[in-house]
Amino acid sequence: MNPTSGFPLSRRGLIRTSAGAALAALGLGVGAQSAAAVTATKRFDLTQPSHDLFRSKDTHGARVQQSFAFDWENKFLFVATKRTGSTEADGDLCINKMDFDGNYLSYMHLNGFGHGVAFAALPSGSDTELWIECAANTGGYGTALAPIRYTADTTLGSPAASAAYRPISGATEYTCSVDPVYRRMIVRYHTSSGKRIAVYPLSAFETRDFGGPLVDFKQPTIPGTPQGYTLYGSYMYYLTGDAYPKPGTPVGDGNSYLTSIDINTGTVEQGPVLTKAGSTLHFREPEGLAIYRTDAGEARLFLGFATGEDGDRRSSIFYKNVLV
């Protein structure tokens, strides 16, 4: 059964920059910038079982996936992988267009864009616009955000940061993820004092007129290797963990954990909770989170894993669907 489908979106306008958030630029504050700026919603119960979308599907390249995003109107899935032959510092990505059964359809190469921790795929008529980090620094992380029209079987070099979008004054790195249900975009960005989170109405990205975020808070300390994040309603979801099994070690349960964060307080709501989704897969590295809602109205939190043999990595994606 096809577990996903989508809802319409439109967008317009073009301007280059926007007013920054002074608090974020200074790296100050530990909680949310404004109290209860986002109406409280239900959240996913991270202790509930996960279900398969698909397992061990081929992508264009042989390297691990980094993240994924749904075009919820045109009903396509986009999986970001590292470019074959590129170093981590290059920031070269391959965007794989797939159907919801995990069948590979086409690719687009994005050179010099970033690490690919998270991105958004916004429907634009019959096309898809990717909001993704760009202008990779020497560490391979994007220093701005760019809207890129997905164009099959092409290669695109990154725009300069000055020609892209930097909605947070003083931020040095950016990624983003979309909540298609409540129509918001979450941005994770870096400052001299560490990682912070800002949430905008999706209309800010549609019109390129950002203004101030709805909430802006310091990311709480969560142990483990960051592997993805997303937003649903008034809660952020955060994925951590490492690849396993390591050579010569038993399979075990790994260390893939999910955590939910209340964006109105900037504090952990649930977790970290160990996830065993796809625990029987050979090689399993947590890579990416995304939100989708079915035609029947069921919201789902999707979590991805890079799986498969070295030199032939595959994509595996699962979901949780219990709200509390």
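Me: How many nonpolar, polar and charged residues are in the lining of the largest pocket?
Reply: The lining has 5 nonpolar, 6 polar and 5 charged residues. Here Ala, Val, Leu, Ile, Met, Phe, Trp, Tyr, Cys and Pro count as nonpolar, Asp, Glu, Lys and Arg as charged, and the others, Gly among them, as polar. Residues are numbered from 1 along each chain as its sequence is written, and side-chain values use heavy atoms, leaving out hydrogens and water.

Me: Which residues lie nearest the pocket's centre?
Reply: Those are His-115, Val-117, Tyr-141, Arg-188 and Lys-195.

Me: OK, cavities. What lines the largest one?
Reply: Its lining includes Phe-68, Trp-72, Phe-119 and Leu-289. By class, that lining has 10 nonpolar residues, 1 polar and no charged.

Me: And what counts as a cavity or a pocket?
Reply: On a 1 Å grid over the protein atoms alone, a cavity is a set of points where a 1.4 Å probe fits but cannot get out, while a pocket is an open set with protein on both sides within 12 Å along at least five of seven lines; lining residues have an atom within 4 Å of a point.

Me: How does the chain score on pLDDT?
Reply: The average is 88, and 87% of the residues score at least 70. Over residues 1-31, pLDDT stays under 50. Where pLDDT is low, the predicted coordinates should not be read in detail.

Methods. This is a predicted model: local features need pLDDT of at least 70, side-chain atom pairs count only at pLDDT 80 or more; totals for chains, interfaces and linings use all residues. pLDDT is the predictor's confidence in each residue, from 0 to 100. Contact means heavy atoms within 4.5 Å.
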